[in-house]
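Hi,

Here is the structure you asked for. Please open it first, then read on.

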Amino acid sequence: MKTSDFTATILVDQTPEEAFNAINNVRGWWTGEPGIEGSTDKLNDEFTYGYKPYHHTKQKITELIPGKKIVWLITDSNLSFVEDKNEWKGTKITFDIAKKGDKTEVCFTHVGLVPGVECYNDCSNAWGSYITSSLRNLIAKGEKVA
């Protein structure tokens, strides 16, 4: 089934468990100021992400299957650069993790971030960079990207 939700997929040499752990180390790859506040690695944890003055969201971890899947529900959203400041509210961020041969595939999807929403171009470009650069680097090398 074809979806129009924004998706980015990476392949890494590390195990699904290593990828899962790196994704849950949200401070290690999703950068901003003030960045991440709150716990990011247990089911039902809630955390906020901020990138002043443009972006402030609150996420709740609604699914956490070690080595396989992570889902965040956006429970609050304030995007200052679009008309509908709550554009992300109610959307979901998913990470599906699977072994592919001798590699691990991480498939990121922002469910609800579709071409028809105002922030699609800016947000999909930002997500693409975070997933294919920052997160990939954290999984592969265990290093935070500045």
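This is a predicted model: local features need pLDDT of at least 70, side-chain atom pairs count only at pLDDT 80 or more; totals for chains, interfaces and linings use all residues.

Residues are numbered from 1 along each chain as its sequence is written, and side-chain values use heavy atoms, leaving out hydrogens and water.

Start with helix α2, residues 120-141. Helices are DSSP runs of H or I with at least four residues, strands are runs of E with at least two, and both are numbered from the N terminus. α2 has 22 residues and reaches 30 Å from its first C-alpha to its last. That is close to the 32 Å expected at 1.5 Å a residue, taken as 1.5 Å times one less than the number of residues. Glycine 142 follows α2, and its phi is positive, near 70°.

Now α1. Ala19, Ala22 and Ile23 in α1 meet Leu135, Leu138 and Ile139 in α2. Contact here means heavy atoms within 4.5 Å.

Last, which residues does asparagine 24 contact, leaving aside its neighbours within four places in sequence? They are Thr40, Asp41, Leu64 and Ile70. Asparagine 24 lies in α1. Asparagine 24 is buried, with a relative accessible area of 6%.

Best wishes

Key: Buried means under 20% relative accessible area, exposed over 50%, partly exposed in between (1.4 Å probe, protein chains only).
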